[in-house]
Amino acid sequence: MTTALTGPYLRSWAVRALAGLRRHRDEINRLNVFPIPDSDTGTNMTATMECAVARLEDATGSAGSAGSTGDADAAETAAALAAGAVTGARGNSGMVLSQILRAVADTAAMSATGDLSARAVPVMLSRAGKLVTDALSHPVEGTILTVLRQAGDGAQAVVDADPEASLGTVVTAARDAAVTALEQTTGQLDVLGEAGVVDAGGRGLVVILQALVDALETGTETGTETGTETGTETGAAGGTGSFRGSVGTGPADPSHGAGSEPHLELVFTFRGDAAALRTALGELGDSVVVVGDGADAHRAHVHTRHPGQLIERIFALGSVTGLRVEALPEQPAARGVRPVSPVIALLPAGAATGGLADLFRGAGAEVCDTSESLAEALGALPGPGIVLTNGQDTAEVFAGLDRVGREFGREVTVVDTGSFVGGLAALAVHSPGADPDDDAEDMADAVHGQRWTDVTVPPAGQQTGQDPVVDVVDVVEAVAAAVNALLADGGELVTVLCRAECGPGIGDAVAGAVREAHPDAEVHVVTVPGLPVDAQVGVE
């Protein structure tokens, strides 16, 4: 493993990060509920990284071509990446990403060798945190800013404990700290907690840091867009797992209430008085981000309901180029009003509260556990609905649908998901606002592409006066065997739900065993309190 982040390793990192963002783009979009749920964080981070990599290729040669990185050190490579990101930054999240890459360039520029050592990693992350904080008019905890800061703290703690720690050790510590911080964002920001999701920008940062870990582990020659993300991730539902199901339709920030004027996003390059620009943007808009390119230009982002007045102001303040205007979706005016999802997940009787219910609500579905509650939920929908059976008794489902048809005349599509992991696979491709028939078809296709099985382990024994207990080792071995059997017919994505009551650390133990046996697979493990079986495994 390399002892320094050289130009070739930075290039590999950038290409892997782009591949990871593309792979997780839809997932990150579905997590996007703050500052407004416009489902574009993944798209904007991906587009920004695409501009960064394109600038690098223009400056030093196409990624992967022979000799393309031989003459570029980390400082030169990072400078090209930062310039491309700042110029092409899309949206609030893209602006933030551009400042992270600018921090890499700033730190590399201060290096005597032009490359980045292990001890430079916490400096780089600290610099990124400062640049991002300075760029935001109203920094908020529980966002990518928090995840970035804790990643830096994790890296610094390793360097403090061992000044000779390897580059891989420091970077892995930063990734692990970011994963932990990301899980905690759900409880740090009300809008995330209400939607049951982690922060979308923070999730993107974890993808980017994982790409750096992968680049260091496998070298510069494999930094292609076919790489897989193999690092440990901690899911918002608890334990070691995936964020892929954590989609949300939570409430918007109250500053984005409905109004008579169009709600627009403006992004542009500005040359002039940056302080005056920030003041104008704050007076006539929100979600303000102003970032510098290290020279005389600034890239600015704002949401506004006064586009005409604001555009007139910014042109009067200085030179404006590259102005891009996009319409933003209208949001509910009242905070705390959770938009009703058209997708309803059927769960076992009595499971309308608890771990399974929290998991499916966090994934963007309404939850019902009886035919009566199903009928009521469908009757409350403003339009067509989709029901995910999740392996439950379909007689109950159709009894509820018959009542809905008689009393409400509501159109309902049933997707026979067959299992809880099947329901999560369906929700992972759910597109709010899409044509209901197309949406249901996509969900059904996702389910048909998955193979699954339940895992139930006999109790190891019984102590006097206590219920039988399941041995964690037995569960891990049974899950590993189930994964092996399912992957025998192919697949690259493994989802495991583990019953939390199996014992402390069950999620970590299962994830470690499966990843060790299948290093090329993308593995997601979520611990679920009250799961009816010890584990349920799905492979796609």
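**Figure 1. Strand E10 has buried residues on both of its sides.** In this predicted model, Leu493, Thr495, Leu497 and Arg499 point one way from E10, while Val494, Val496 and Cys498 point the other way, and every one of these residues is buried. Go along E10 from residue 493 to residue 499 and you'll find that 7 of the 7 residues are buried, so the strand is largely enclosed by the rest of the structure.

**Figure 2. E10 pairs with strand E11 and with strand E12.** With E11, which covers residues 522-528, E10 runs parallel, and 7 bridges join the two. To find one of these links, look for valine 496, whose bridge partner in E11 is valine 525. With E12, made of residues 535-539, E10 runs antiparallel, and here there are 5 bridges. Valine 494 is a handy landmark for this pairing: its bridge partner in E12 is valine 539. Now follow the chain from E10 through helix H18 (residues 506-517) to E11: together these three elements make a right-handed β-α-β unit.

**Figure 3. Strand E11 is covered on both faces.** Glu522, His524, Val526 and Val528 sit on one side of E11, with Val523, Val525 and Thr527 on the other, and all of them are buried. That makes 7 of the 7 residues buried, so E11 is largely enclosed by the rest of the structure.

Figure 4. H16 runs from residue 436 to residue 448, which gives it 13 residues. From its first C-alpha to its last, H16 reaches 18 Å, close to the 18 Å expected at 1.5 Å a residue. Which residues of H16 are buried? They are Asp439, Ala440, Met443, Ala444, Ala446 and Val447. Seen down the axis of H16, these buried residues fall within an arc of 155°, so they line one face of the helix. Here's the general idea behind such faces: an α-helix has 3.6 residues a turn, so residues three or four places apart point the same way. On the face of H16 turned away from the buried side, you'll spot the exposed residues Asp437 and His448. And what covers the buried residues of H16? The cover includes strands E5 (343-346), E7 (385-388) and E8 (412-415), along with helix H15 (420-428). Zoom in on the start of H16 and you'll see a side-chain oxygen of aspartate 435 reaching to within 3.1 Å of the backbone nitrogen of aspartate 437.

**Figure 5. Methionine 443 is a buried residue of H16.** Methionine 443 lies in helix H16. Its relative accessible area is 0%, so it counts as buried. Leaving aside residues up to four places away in sequence, methionine 443 touches Val343, Ile386, Leu388, Val415, Ala426, Leu427, Val429 and His430. Take leucine 388 from that list of contacts. Leucine 388 and methionine 443 are 55 residues apart along the chain, yet their C-alpha atoms are separated by 9.3 Å.

Figure 6. In H11, which spans residues 307-317, Pro307, Leu310 and Ile314 are buried. They cover an arc of only 65° around the axis, which puts them on the same side of H11.

**Figure 7. Asparagine 29 makes polar contacts with glycine 42 and threonine 43**. You'll find asparagine 29 in helix H1, which covers residues 7-31. Is asparagine 29 buried or exposed? With a relative accessible area of 8%, asparagine 29 is buried. Its side chain reaches the backbone nitrogen of glycine 42 at 2.8 Å. A polar contact of 3.0 Å also joins the side chains of asparagine 29 and threonine 43. Not counting residues up to four places away in sequence, asparagine 29 touches Ser39, Asp40, Thr41, Gly42 and Thr43.

**Figure 8. Asparagine 390 has a positive phi**. Most residues other than glycine have a negative phi. Asparagine 390, although it is not a glycine, has a positive value of about 55°. Where is asparagine 390? Check the loop between E7 and helix H14 (394-407). Asparagine 390 is buried there, with a relative accessible area of 2%.

Definitions and conventions. Residues numbered from 1 in each chain as written. Predicted model: local features only at pLDDT ≥ 70, side-chain atom pairs only at ≥ 80, totals over all residues. Heavy atoms only, no water. Helix = DSSP H or I, 4+ residues; strand = E, 2+ residues; numbered from the N terminus. Expected span 1.5 Å × (residues − 1). Buried < 20%, exposed > 50% of the residue type's maximum accessible area, 1.4 Å probe, protein only. Arc of directions from axis to C-beta. Contact = heavy atoms within 4.5 Å. Polar contact = N/O pair within 3.5 Å; in protein donor to acceptor, adjacent residues only side chain to side chain. Pairing = 2+ DSSP bridges. Right-handed = clockwise from strand over helix to strand, strands pointing away.
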